[in-house]
Amino acid sequence: MILVNIMNSQDSVYQKLGYVNRGGTNYDVKDYKFPLYDYKKALEYEDSNEIIMNMVSHMYFATGDKDSGCYYYKKSLQFGKTDFSSEITQYCDSTTTILSK
């Protein structure tokens, strides 16, 4: 029983990393729709990961959905992320975004 739990835990880590890696590859070729999906799937495995939230925020900005980008920007701030692009910081700090998605 313990071995099964360890295996499931390791599988989720690998799945999360797979989504992050695939998202990064698609981001590099400027195909922003797919990395957004992949990064959000990675958050399903670790929903308090501020680095992945940062990636989701950037993808929303890249696709033009700045309000959703600000939601993930502000959420990642709650978990300790502090370094963002100046475009995101300036836009989100000057608007009101409710953290209730």
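These notebook entries record what I looked up on aromatic contacts, a surface patch and a disulfide in this structure. I note at the outset that the model is predicted.

**Entry 1: aromatic pairs**

I searched the whole structure for aromatic pairs and found three. I took up Y60 and Y72 to begin with. Their ring centres are 5.8 Å apart and the planes meet at 15°. Planes under 30 degrees apart count as stacked, so I recorded this pair as stacked.

I then asked where the two partners lie in the chain. Y60 belongs to helix α3, residues 50-63, and Y72 to helix α4, residues 66-78. The pair therefore ties together parts that are 12 residues apart in sequence.

Are Y60 and Y72 buried or exposed? I read 11% relative accessibility for Y60, which counts as buried. For Y72 the relative accessible area is 12%, and this residue is buried as well.

I next examined Y71 with Y72. The two form an edge-to-face pair, with 4.9 Å from centre to centre and 90° between the planes. Both Y71 and Y72 are buried.

**Entry 2: a charge over a ring**

I looked for a charge above an aromatic face and noted K66. It lies over the face of Y91, at 5.1 Å from the ring centre.

**Entry 3: a nonpolar surface patch**

Which residues form a nonpolar patch on the surface? I found V13, Y14 and L17, which together have about 300 Å² of accessible area. Of these I followed up Y14, which lies in helix α1, residues 2-28. Its relative accessibility is 57%. The cut-off for exposed is over 50%, so Y14 counts as exposed.

**Entry 4: the disulfide**

How many disulfides are there? My count came to one. C70 and C92 form it, with their sulfur atoms 2.1 Å apart. I read the torsion about the S-S bond as about -95°, so the disulfide is left-handed.

I also traced what this bond joins. C70 is in helix α4, and C92 is in helix α5, residues 86-93. The two cysteines are 22 residues apart, and the pair links distant parts of the chain.

Finally, I checked the accessibility of each cysteine. C70 has 0% relative accessibility and counts as buried. C92 is likewise buried, with a relative accessible area of 0%.

Methods:
Residues numbered from 1 in each chain as written. Predicted model: local features only at pLDDT ≥ 70, side-chain atom pairs only at ≥ 80, totals over all residues. Heavy atoms only, no water. Phe/Tyr/Trp six-rings, centres within 6.5 Å; stacked < 30°, edge-to-face > 60°. Helix = DSSP H or I, 4+ residues; strand = E, 2+ residues; numbered from the N terminus. Buried < 20%, exposed > 50% of the residue type's maximum accessible area, 1.4 Å probe, protein only. Lys NZ or Arg CZ within 6 Å of the ring centre and 35° of its normal. Patch = residues over 30% accessible without salt bridge, like charges linked within 9 Å, V, L, I, M, F, W, Y side chains within 5 Å. Areas by Shrake-Rupley, 256 points an atom, 1.4 Å probe, with all protein chains shown as cover. Salt bridge = Lys/Arg side-chain N within 4 Å of Asp/Glu carboxyl O. Disulfide = S-S within 2.5 Å.
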